Amino acid sequence: MLKPGGRAAIRLFARPKQTEPLEAIKADALAGRIKALAEIVLRTALSLPAAAPDYGLKMSTVLDGINEMFGDRTELMAAGGWQPGSFAFIDLYKGSDTICCWLSEDIHVAEASRYFDDVRLVASGDYPVAERCPVLVVSSPRI
């Protein structure tokens, strides 16, 4: 519930209008252009097909996509300077039923606009993948 005149800000993880091929993620990683494993995870999740209406995707499917790109992680670890234990957070998803929903910006805005008169997206910074993580700012709730 917002107080009169209040605003809410929610960081999104938004599916891009045009998904990138997994080969592009792999090329960036092996060229040393990806500095955080979380970027590989997010870019992979947002590139894999997910069906409407909720665009849900099992995180085990994301892990499968990463393993498909980097079956032998030795080359990836060398390119990013990562240690084998660095992958523990994503390896937890092996066989997991955890589902994340990856909606587009347009869907987030349309849904928020059903309940708020003032809805906007604001850039969240200049870190890697920031363009996929805008902040949804809402105010003026419809009563």
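**Ground rules.** I number residues from 1 along each chain as its sequence is written. In this predicted model, local features need pLDDT of at least 70, side-chain atom pairs count only at pLDDT 80 or more, totals for chains, interfaces and linings use all residues, and side-chain values use heavy atoms, with hydrogens and water left out.

**Helix α2.** I began with α2, residues 37–47. Helices (H or I, at least four residues) and strands (E, at least two) are DSSP runs, numbered from the N terminus. Here 10 of the 11 residues are buried, so α2 is largely enclosed by the rest of the structure. Buried means under 20% relative accessible area with a 1.4 Å probe, protein chains only. Leu 37, Ile 40 and Arg 43 are among them.

What covers the buried residues of α2? I found that the cover includes α1 (22–30), β2 (56–58), α3 (59–69), α4 (74–80) and α5 (88–91).

**Helix α3.** Next I listed its buried residues, including Met 59, Val 62 and Ile 66. The buried residues of α3 pack against α1, α2, β2, α5 and β3 (99–101). I then followed Ile 66, which touches Ile 40, Val 41, Thr 44 and Ile 90 (heavy atoms within 4.5 Å), leaving out residues up to four places away in sequence.

**Cores.** A nonpolar core is a set of buried Ala, Val, Leu, Ile, Met, Phe, Trp, Tyr and Cys residues joined through side-chain atoms within 4.5 Å. The largest has 26 residues, and Ile 40, Ile 66 and Trp 102 are among those with the most contacts inside it. Helix α2 gives the most to this core, with 6 residues.

Key
Buried < 20%, exposed > 50% of the residue type's maximum accessible area, 1.4 Å probe, protein only.
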